[in-house]
Amino acid sequence: MAFDVAGFLRQLDAIFAAQEGPQRADRFLGESLAAARKAHDRGAELTVLNELIGFYRVTSRHDDAVDVVNDALALVDELGAAQSEAGITTLINAATALRAAGERERAQQLYERAMNDAERLFSPLDRRLAALHNNLALLRSDLGDHTRARAELTEALAILRGGTTDATRDTEIASTLANLALARFASPLEGAERDTEDDIARAELAEALEIFERVGAADPHAASALAALGEAEARAGRDAEAASAYARALAIIEACFGPESDAYRVTAANLAAVMGDRQGTDRPGDRPLSGSAWSRGERRPASAQTPSVGGSAPESTARTEQSASKPGASASAMDGLQLSRVYWEEVGQALLTQFPEQAPRIAVGLVGHGSECYGFDDALSRDHDFGPELCLWLTAEDFAAIGAELQAAYDALPSEFRGFTRPADAQRTPRSRGANRRRGVFEIGAFFESITGYRGAPAQDALHEWLMLPEATLAAATNGAIFRDQLGLFSATRQGFKLMPEDVRLALASRRLGMIAQAGQYNVPRMLERRDGAAAWLAIAEMTNAAASLVYLVNGPARIGYLPYYKWQMAALRRVSGRMAARLPGVVVILEEILTLASTACFGTGHAAATGDARTRVVVLIEELARQIVADFRARRWTTSEETFLEWQRPYVESAITADWLRSL
C-alpha cells in the first residue's frame, strides 16, 4: 500500500494543533517512518525524516536529530534531489538542527548551500527564502553578529510582507517580527541608540503578538513571541508582567515540546530570574539572549508539496471564534454569541432569499445591550431575555422599503433552536421589549442612536461630545460580533465609536490617575486610620473603577473596546489581562486582592491583629498598583518621572494633549 503523505501531514498538524504532547508526536513519527520504509516510498521517507529533524530539534534530542540529519542528507543524494525544492528544504532543516546541536560550522555550510540553490530556484517572494533568511539570522546571532542577523531578518520580513495575502493574520510575519525584536534587544548599544532600538523592538513585538492573538494562541510559535515579551518587560523593570509572559510561554512549550526541551529550560530560567527565585541570577535584560530555538522564535521552513519528495513542517491549526459554531457543538457549551452565530448560519440565512435585491446590503450580528453581547453570559444569564436571536441592520433606504416586512420574516423564524427558545415580546423584561427592543431589524443610524444618542460617532474634533459619552455606553455600541456585512456600513459606523480622539483618551487617563491618587493613595489610608470604614469602602470602590477604566484606556479602545458597566468590570479586566500584548496585566490581580481584603480592612473581624494586617496590606497593594502604572507609563514614554504618587504623573501624561482646555479638568 502506498504511503499517504498528505494524510500523514494532516494528522501531524492535528497533533501539534491540539498540543497533545511530544510523546504522541514521537510515537506517530516513528510509526510513520516505519510505514514509509515498509512501502518502499523513498520520497515519503524523506518527508517523515524532515519532520523528525524538526521534532527532535525542538524537543532537544540533539543526538537523535544529528543522526536523522545524516540519514536525510544521504537520502537526498540517493534520490538525486540535491538541488530540488525538497533538497533545499532538507538542507534548511538539517542546518537548523545542527545549529541547535552546537555544530555551527557545519550548519553555516549547509545554510550557504541552501541559499545558493534557493536564490537560483525560487521566486524572489517565495516564503521558503524568508524561512532561510530567518534561520540564518539565528545562526548569525549565535555567533554574536547581531548586525548581520538583523539584516537577514529584515530581508525575511520584506519577502513575507511582499507576498502575503493578509499581513494581519500571517504567523510567519509574526514569528519574524519576534525574532527581529530579540535581535534588536541583543544589539550591544548604549544611550539614546539603545532606547531607540528598544522602542523599535517593542513596536515589532506588539505587532507580532497582535497577529498571534488574532489567529489564536494555539500556534506553538506564539511561545517565542511571549518569551520576547517577557524579555521586553524585564528590560523595563516590570517583573510581574515579565513573569506572566514567561509563564504563558512556558505553558505552550511544555504542552508542545515537553519539560525536557532546551526551550523549556531556558524559559523556566528566565521566569525564575524575574521572580527572584535564584540569588545572584542575571535578569533577562542584563545577559546575552539564550540560543534556545523556541526562546528565539525560530520558524520551521515550509517545503515543496511534490508527490514524490517533500518535507513540510507541521503548522498549527489555530482555534478561532468560528470553531464553536460547528454543527456538532453542544448547546450547553454555547454562550449567547455562539448560539446566535449558529442560529444565523443554520436558520437565519434563509431570510436573504426573500429579499434578493437588498440581501447584499443587509448586515447581521449581535451587538448592544445584554451580557451575551460581551461574551460574559453563562447558565445564570438564561433566566431572562435569552435565546437564539439576531440583529439585522439596514440602510435608511432599505429600512424604509423592507424594514417591516423583514421584521415579520424574522419573527416567523423558528423560535426553538438547540434546546433554547426565543422569548416572545410579552415574556421579555421591560428594558428589552417594545420601543426598547434589542434584537430584530434596525436602521443602522437609529440602532446606534438608541444606545449612544448619536447616529454615528462624534467628529474627531468634537472633543466635548466624546467626553459626554460614558465608557459603558461606548462599550455597548462596540461589543458583540458581526456575522455578515458585505456593504461594510454597519462595521464602519461601529468602528467609528472605537476611534476615541487621542486628546480625549489622554485626558480621561489623566483623570483616572487623579482618582486613583485621591481616593486610593490619599483617602483610603486616612479613612482607615480614622476608623471610618464606610468612607474607606467607598474610596476603594472609586479607586477600583478608576483603575479598571485606566487599563482599558491605556490598552486603547480601537484595540480592545471600552470598559463595560460595573457588573462586568472585573470579568472584562480578567479577559483583557489574558491577552498576549496586554498593558497593565497585573492590575486585575491587585484589585481583586484589595476587594477581598476590603471587608476586613474597613469593618474589622473582631480580631484586631487580622484587621490591622488587612489594613496594612490594602495600603501596600495600592502602592504596588501605582508602581506598576508608573513602570508601564515610563516604558511607553508617557512619563519620564519615577514619582509613584499618581497625581504628580498627570502633567506628564497631559503634555501630549494638543487642546489646552482639556488639561487637568
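Trainee: Of the contacts in the chain with a separation of 6 or more, what share comes from residues 24 or more positions apart?

Mentor: First, the ground rules. This is a predicted model: local features need pLDDT of at least 70, side-chain atom pairs count only at pLDDT 80 or more, and totals for chains, interfaces and linings use all residues. Residues are numbered from 1 along each chain as its sequence is written, and side-chain values use heavy atoms, leaving out hydrogens and water. With contact meaning heavy atoms within 4.5 Å, the share from residues 24 or more positions apart is 69%.

Trainee: How many helices and strands are in the chain?

Mentor: Both are DSSP runs, numbered from the N terminus: helices are H or I with at least four residues, strands are E with at least two. On that basis the chain has 28 helices and six strands.

Trainee: Which residues touch the most other members of the largest nonpolar core?

Mentor: A nonpolar core is a set of buried Ala, Val, Leu, Ile, Met, Phe, Trp, Tyr and Cys residues joined through side-chain atoms within 4.5 Å. The largest one has 105 residues. A second, separate core of 96 residues includes F28, V48, L129 and Y264. In the largest core, the residues asked for are L392, W393, F447, I516, L625 and I629.

Trainee: With which side chain does the side chain of R583 make a polar contact?

Mentor: R583 is in the loop between α25 (569-577) and α26 (587-603), and it is buried because its relative accessibility is 11%. A polar contact is a pair of N or O atoms within 3.5 Å; within protein, one must be able to donate a hydrogen and the other to accept it, and residues adjacent in sequence count only if both atoms are side-chain atoms. The distance here is 2.5 Å. The partner is D632.

Trainee: Is D632 itself buried or exposed?

Mentor: D632 is found in helix α27. Apart from residues up to four places away in sequence, D632 touches R238, R583 and L584. Its relative accessible area is 1%, so D632 is buried.

Trainee: Which elements do the buried residues of α25 pack against?

Mentor: Seven of the nine residues in α25 are buried. Among them are M570, L573 and V576. They pack against α12 (239-257), α23, α24 (557-560) and α26.

Trainee: How many residues apart are R127 and D170, which form a salt bridge?

Mentor: A salt bridge is a side-chain nitrogen of Lys or Arg within 4 Å of a carboxyl oxygen of Asp or Glu. The closest N and O atoms of R127 and D170 are 2.7 Å apart. The pair links distant parts of the chain: R127 is in helix α7 (127-142), D170 in the loop between α8 (146-163) and α9 (171-186), and the two are 43 residues apart.

Trainee: In which helix do D198 and R194 both lie?

Mentor: These side chains meet in a salt bridge at 2.9 Å, N to O. D198 is buried because its relative accessible area is 8%, and R194 is buried because its value is 11%. They are four residues apart, about one turn of the helix, in α10.

Trainee: How many salt bridges does the count come to?

Mentor: One network of salt bridges links R37, R42, E45 and E78. The count comes to 35.

How values were computed
Buried means under 20% relative accessible area, exposed over 50%, partly exposed in between (1.4 Å probe, protein chains only).
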